[in-house]
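Please keep the sequence and the 3D view open while you read.

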Amino acid sequence: MHTLLITGPGGAGRTTVAAATALAAARQGRRVLLLSGDAGDPLSALTGEPVGEPAEVAPGLSAVPVAGGVRVARVDSGEEFREELVALQERGSALLGMVGARPLGAEELTELPGAEQFALLRALRRAASAPGFDLVVVDLPPLHQALATLALPAQLRRYLARLLPAERQAARALRPVLAQLAGVPMPAQWLYEAAARWDEELAAVQAVIEAATTEVRLVAEPGPAAADAIRPGRLGLALQQLPVSAVVANRLLPEGSVDPWLAGLAAQQEKYAAQWAGELPVVRLGHLGRDPRGPQDLEPLAATDGLVPQRPAPRRAWAVEDRLAEDGVLVWVVPLPGAHKRELDLIRRGDELLLTVGPYRRIVPLPAALRRCTVSGAALAEDALRIRFTPDPGLWPRTS
């Protein structure tokens, strides 16, 4: 299944573009599921009233058909939060009883900040496994928030592995003895079981995000503010190895206006759209002259050439160049389009590399060959960070 993640700077019309893309794909005969987690349900104003009853399309995920043959699934983060916390209390009831805690009832729970991200990730996993669909279009939050959401599964799995390593479960038979020696109770088995379940769910979400069939599109209204937001956003996506297949230049004004103010604004839009076209494919969507409301306004947008992705953009692994014969080093090439030297930082820590690009950070495991090397330098050129590794004589295999 093809998964298309749509995001962009806030207020750029990404929800409209997501709905128009889904409608255009359905017009081409593709079976489309449109997923949104926005509060206030802005999709209803665009897609119109449901034309059928809600139906479960995957375990835990329901969708309704709307005009144009698209099915729309909405994320209820509040309900997700209540169900998950009640279930967690039930699994840890013995421990809560030991400390005299009183469990909270579902009716008194209100979601905490961050619940929307987890609910959206769960819905994304369910949507990607839903049978009977060719394309899942996901209306993500604004760009910076979307990046934080997409990075969550890998980050949390790393935290779980460090804080609750799986190998500790092998010693559960010794916990009563250890508890007597230490004078405090050891972590209960339910905690490790919960950690294993969380890791399994996070791994499934991470697999969807990193799949070769998943790609990202950015939606922006061309201009200086959008350019300032897209450049670091592309860097954050590159750091997560998420390909950007295209930029949707939204709300373009018609050229040739006799009004000097409109002509100047149109010229500015063309300038920035041309800049983006020099780096990525650009899909151009004209301004309707009003805020889109209802399926009738989506129709002209859905007729735009190039709006429907035909195939996912290719994913490229960070290559390791073998320059041992020439320079005695291996070079790890990390593509970072538009990066500046002043916003880069990297730290080697054991078998991992901590990479920082502007406001974004990622901890990545080193390839096996580079773990036997020391970092001997790095350089940024031609939109790529080239990190040089010199073999450690004490670890590198000797040749005769």
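1. Accessible areas here come from the Shrake-Rupley method with a 1.4 Å probe, and for residues only the protein chains shown count as cover. On that basis the protein chain exposes about 20500 Å², and carbon and sulfur atoms supply 55% of it.

2. Please bear in mind that this is a predicted model, in which local features need pLDDT of at least 70 and side-chain atom pairs count only at pLDDT 80 or more, while totals for chains, interfaces and linings use all residues. Residues are numbered from 1 along each chain as its sequence is written, and side-chain values use heavy atoms, with hydrogens and water left out.

3. The protein chain has 12 helices and 16 strands, where helices (H or I, at least four residues) and strands (E, at least two) are DSSP runs numbered from the N terminus.

4. Strand β6, residues 135–139, is mostly covered, since 5 of its 5 residues are buried. From β6, Leu135, Val137 and Asp139 point one way, whereas Val136 and Val138 point the other way.

5. Two strands pair if DSSP finds at least two bridges between them. Strand β1 (residues 2–7) runs parallel to β6 and is joined to it by 5 bridges, with isoleucine 6 standing opposite aspartate 139. Strand β2 (residues 32–36) is likewise parallel to β6, with 5 bridges, and valine 32 has leucine 135 as its bridge partner there.

6. A pocket is an open set of points, on a 1 Å grid over the protein atoms alone, with protein on both sides within 12 Å along at least five of seven lines, and lining residues have an atom within 4 Å of a point. The largest pocket has a volume of about 1200 Å³, a volume being the space filled by probe spheres (1.4 Å) set on the points. Of the 38 residues that line the largest pocket, those closest to its centre are Ala238, Gln240, Gln241, Leu242 and Trp318. Helix α6 gives the largest share of the lining, 6 residues.

7. Leaving aside residues up to four places away in sequence, glutamine 240 touches Ala151, Arg361 and Arg362, where a contact means heavy atoms within 4.5 Å.

Definitions and conventions
Buried means under 20% relative accessible area, exposed over 50%, partly exposed in between (1.4 Å probe, protein chains only).
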